[in-house]
Amino acid sequence: MMENTRFKEDTDRVDGIQKVTGKAKYFAEYNLPGLTYGVLVTSTITKGKIVSLDTKAAEKAPGVIAVVSHLNKPSVPLYEQEGGSPMKIFYTDKIFFNGQPIAIVVANTFERATHAASLVKAVYEKEDFNTDLEKAMKDPKAKKLQGQANYTRGIADAYKTAEVKIEERYILPVETHNPMELHGIIADWKSADQVTVYAKTQGVKSTQNTIASVFKIPAKNIQVNSEFVGGAFGMALRTWPVEIAAIMASKHIGKPVKLVITRMQMFTMVGNRPAAIQKIGLGATKDGKLTGITHSAFGETASYENFTEGVVNMSKFMYQCDNVNTSYTIAPMDLSVPIWMRGPGEATGAFALESAIDEMAHALDMDPLEFRIKNDPEIDQQQNKPFSSKYIKEAYKLGADKIGWKNRKNKPGSIVEGPWQTGYGVSVGVFNASRGKATVKGILKANGTLVLQSATSDIGPGTGTGMTLIANKITGIPVSKIKFELGDSSLPQAPSQGGSATLSTVGSAVNDVCESLKSTIAEIAVSSNMPVDSNFTDVLKKNNLPAIEVTKESQGGKERDKYAMYSFSIHFVQVKVHQLTGVVKVTRIVSVGDSGTIVSPKTARSQMLGGAVGGIGMALTEEAVIDHRFGRYINNNFADYHVPVNADVPEIDVIFINKPDLLVNPMGAKGMGEIALIGFSAAVANAVFNATGKRIRTLPITPDKVLG
Ligand code: MOS
């Protein structure tokens, strides 16, 4: 048997050809016999209730099979119970947000369903509402909830008495995920208690369990298929009310129903990164030692469900500081409920903290990199534990050399060429290096192929490629002969793809399966008088075994209690700011990942590139604008909600530390999905300050703010 000593660097994405040739099938492309099409009717008011709903014209329209609403919905056992969340779609006449689904029209074509949906007429009773977070914060009568327990280490608000202090407010707007693939589901009831769905989900098992609990049918009666996902970023980590609507409609008419929501509906039906207003106070000694960090965040949730995220987490451990206090408050708003979005919470918090760190360095007249290095912690002071691995100082150096940090001038506005001012910025990102529990089954066949199966997902990072490379490294079986199967709820248990944990969680089980297959083969070889390191195929053939199967469940052990485990990133950017128009161009990017062993170099690099591109959007363009008079999004389309395009993205250098952290998992690999984005927007804001002397604390950094 051949054994590699390192991961194959030149391996392409294993499903790349399928994806670029259109062979990869996404949920909406399944064309079932008798398929019907659902289109949602949505509320035009923000808060109140439906007084009457006239569906007659829609029902009579050509091709219409049914209109399902709160008036005629089929039985949904969970929704028949009193109280509880999530929102019980079509089981209430209450309106919680503008654009809330109030009916689904099903027809034999999408166009006919769309037309008929326009014929449904609702009469509402309106109530006063608030969609403005700033207004909720200022209003003493507005309901407020604690988002996370208050945290204090040492003296609270110690920054106030420091030799040097800063105290600033940082504001983030609502951002929406906007993957290319729209959200939706195809539901197909096979019998009264059996349903198959083709879904867009980050977790087939989670979708299966949600449907089981809503319809009170056994999970094993629900088949969830989601082999390919066209980008998700967190929005497909839960099963949304609109998916339940399609499943209800299919149950009602006894035919498969496909629902694909519109781009406009993507702004209200599948969550978003919630707006946040944060205050940071930092105190330091004159020679640049942090003596106090206070971080308070005010975020939003919906009136009908609570959502919280780790906005203030990073401030508790990222820098050496004996006095830290944080608080996080959420206000229920008359908006649809938020959800995690790449770097959930941390990306929001890092914008504030990493901007503030830059502001403090400036106040101290120190290089911001030097200031960070000076306050780099030896241990995680929050958990009072050592880090499992942390190569931040090395990462700073590699990134600084690559971007040419030495060309940066500490005095803002120093580099001017014609109308353009140039600046450099840096920021840190950090996220938990989590590892959950997963099961993988391996089937090694005498024809030399290895099939690995687990009910995980691939929303784009290249999960199949990573798993294949882990198996390849251990078994020596060529990449082309390994197949990793995912996205099917009938496969062995795996968690949803989220929180940068899939490679660590599922990869560890792949590792264990492959190690076990290897030792099983060695045992069979020895017992059949073959050399212990015989070729897998030879051993199986000689012993007349068509295949052997191994199933392993894997999870982290006690080391997870003893160490603080994080992935880190450092983002360096160079920007050019036009003095007359206020346009900001990101002209260079160097992102350094301290994320342990790099298992799949090509897809890992792509993961970092994607994070940087998302970071440009977060920094410069992305904002879901609400007209608070009407409680409605006004730029809910791709023309007005700007995500970066090729022209916005410069050459990006990605550097990996690539040192194993074997405390995290047997591959030594820490996650990467979140750190690719976390902190990036602060690096841009810091670079804009360095270029111009203008500090922008409200994202996105649009020309009006640069000039204003
Ligand atoms: Mo991510 S926000 O864990 O999909």
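Student: Is Cys-321 buried or exposed?
Tutor: This is a predicted model, and in it Cys-321 counts as buried because its relative accessibility is 1%.

Student: And Cys-514, buried or exposed?
Tutor: Cys-514 has 0% relative accessibility, so Cys-514 counts as buried.

Student: How many disulfides are there?
Tutor: The count comes to zero disulfides. A disulfide is a covalent bond between the sulfur atoms of two cysteines.

Student: Back to Cys-514. Which helices meet in the contact that includes Cys-514?
Tutor: Helix 11 and helix 12. The axes of helix 11 (residues 463-475) and helix 12 come within 9 Å and cross at roughly 30 degrees. That makes helix 11 roughly parallel to helix 12. Helix 12 covers residues 502-527.

Student: Why do angle and distance come up?
Tutor: Because two packed helices are described by the angle between their axes and the distance between the axes.

Student: Which hand does the crossing of helix 11 and helix 12 have?
Tutor: Helix 11 passes helix 12 in a right-handed crossing. On the helix 11 side, the contact includes Gly-466, Met-467 and Ile-470. On the helix 12 side, Val-510, Cys-514 and Lys-518 are among the residues involved.

Student: What classes do the residues of that contact of helix 11 with helix 12 divide into?
Tutor: They divide into eight nonpolar, six polar and two charged.

Student: Where does Ser-516 lie?
Tutor: Ser-516 is in helix 12.

Student: Buried or exposed, Ser-516?
Tutor: Ser-516 counts as buried, because its relative accessibility is 16% and the cut-off for buried is under 20%.

Student: What is Ser-516 in contact with, leaving aside its neighbours within four places in sequence?
Tutor: With those neighbours left aside, Ser-516 is in contact with Val-550 and Lys-552.

Student: New topic, helix 16. At what angle do helix 15 and helix 16 cross?
Tutor: The axes of helix 15 (residues 601-620) and helix 16 (residues 680-692) cross at roughly 55 degrees and come within 8 Å. That makes helix 15 oblique to helix 16. Helix 15 passes helix 16 in a right-handed crossing.

Student: Which residues meet there, between helix 15 and helix 16?
Tutor: From helix 15, Ala-612, Gly-615, Ile-616, Met-618, Ala-619 and Leu-620 meet Phe-680, Ser-681 and Val-684 from helix 16. By class, this contact of helix 15 with helix 16 has seven nonpolar, two polar and no charged residues.

Student: What about helix 8 and helix 16, at what angle do they cross?
Tutor: The axes of helix 8 (residues 346-363) and helix 16 cross at roughly 30 degrees, coming within 8 Å. Helix 8 and helix 16 are therefore roughly parallel to each other. Their crossing is right-handed.

Student: And which residues does helix 8 bring to helix 16?
Tutor: Ala-350, Phe-351, Glu-354, Ser-355, Asp-358 and His-362 of helix 8 meet residues of helix 16 including Ser-681, Ala-685 and Phe-689. By class, the contact of helix 8 with helix 16 has five nonpolar, four polar and two charged residues.

Student: Last one. Where is Ile-634 found?
Tutor: Ile-634 sits in the loop between strand 27 (632-633) and strand 28 (652-656). At 49% relative accessibility, Ile-634 counts as partly exposed, since the cut-off for exposed is over 50%.

Student: How many residues apart in sequence are Ile-634 and Met-264?
Tutor: They are 370 residues apart in sequence, and 9.6 Å apart in space, C-alpha to C-alpha. Leaving aside neighbours within four places in sequence, Ile-634 is in contact with Val-625 and Asp-627.

Conventions
Residues are numbered from 1 along each chain as its sequence is written. This is a predicted model: local features need pLDDT of at least 70, side-chain atom pairs count only at pLDDT 80 or more; totals for chains, interfaces and linings use all residues. Side-chain values use heavy atoms; hydrogens and water are left out. Axes are lines fitted to C-alpha atoms, for helices over the stretch in contact, and angles run from 0 to 180 degrees between N-to-C directions. Helices (H or I, at least four residues) and strands (E, at least two) are DSSP runs, numbered from the N terminus. Angles under 35 degrees count as roughly parallel, over 145 as roughly antiparallel, 65 to 115 as roughly perpendicular and the rest as oblique. A crossing is left-handed if the near helix is turned anticlockwise from the far one by less than a right angle, and right-handed if clockwise. Contact means heavy atoms within 4.5 Å. Ala, Val, Leu, Ile, Met, Phe, Trp, Tyr, Cys and Pro count as nonpolar, Asp, Glu, Lys and Arg as charged, and the others, Gly among them, as polar. A disulfide is a pair of cysteine sulfur atoms within 2.5 Å. Buried means under 20% relative accessible area, exposed over 50%, partly exposed in between (1.4 Å probe, protein chains only).
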